[in-house]
Amino acid sequence: MVLIDGTLIRTRRRTGRAYRRNYSGKHRSHGLHFLALTDEKGRLIWISAARPGRTHDNTAARHDHILAHLRAAGLGALADLGFRGLDSDIRDPVIFTGYTASRTHKLTPGQKEANRVLDVGRAPVEHGFAHLKNWRTLTKLRADPARATSSCALCSS
């Protein structure tokens, strides 16, 4: 079992039309989006290439063919609600996400408990990202975003 999550690593705003795609409306800042796989202890196993900050977790996972790689390795992944809808195979799911409530559909006590258990299991991936973001080189990247991938790979090893 692995843990998967995506994060935005903030960068300095660069001028020009080409860098507008690095703006994340959710976080209201410029940055680069990374996906990471960690083990149960929060150690980084794999980190994706840098993508524009506006990229959604599902989109990044589809571009990296995460489902195919996990199926080939025979692994399952715990994920947050950002990955909901990525795995459409109901009989043999690879990515496990929590339940979501809506205005008309409230969560049952069993679903709330399942979400709590999932959150406890997912905590190490958040610790892995916290460790990655503690590197001062990644706090405010000033280099070309294309070089951020090699910086992140260096910091994760």
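Q: Where is His 33 found?
A: His 33 is found in strand 3. Keep in mind that this is a predicted model.

Q: Is His 33 buried or exposed?
A: Buried. Its relative accessibility is 5%, and buried means under 20%, so His 33 counts as buried.

Q: What is His 33 in contact with, beyond its neighbours within four places in sequence?
A: Its contacts include Gly 6, Thr 7 and Leu 8. Ala 49, Pro 52, Thr 55 and His 56 are also among them.

Q: How many residues apart along the chain are His 33 and Thr 55?
A: They are 22 residues apart. Their C-alpha atoms are separated by 6.5 Å.

Q: OK, strand 3. In which sense does it pair with strand 1?
A: Antiparallel, over 8 bridges. Strand 3 covers residues 29-38. One of the bridges joins Asp 5 to Ala 36.

Q: And strand 1 with strand 6: parallel or antiparallel?
A: Parallel, over 2 bridges. There, Val 2 has Ala 77 as its bridge partner.

Q: Why is strand 1 largely enclosed by the rest of the structure?
A: Of its 9 residues, 8 are buried, so the strand is largely enclosed.

Q: New topic: helix 2. Which residues are buried?
A: Ile 66, Leu 67 and Leu 70. They span an arc of only 95 degrees around the axis, so they sit on the same side of helix 2.

Q: What covers them?
A: The cover includes strand 1, strand 3, strand 6 and helix 1.

Q: Which exposed residues are on the face turned away?
A: His 69 and Ala 72.

Q: What follows helix 2?
A: Gly 74, with a positive phi near 70 degrees.

Technical notes:
Residues numbered from 1 in each chain as written. Predicted model: local features only at pLDDT ≥ 70, side-chain atom pairs only at ≥ 80, totals over all residues. Heavy atoms only, no water. Buried < 20%, exposed > 50% of the residue type's maximum accessible area, 1.4 Å probe, protein only. Helix = DSSP H or I, 4+ residues; strand = E, 2+ residues; numbered from the N terminus. Pairing = 2+ DSSP bridges. Contact = heavy atoms within 4.5 Å. Arc of directions from axis to C-beta.
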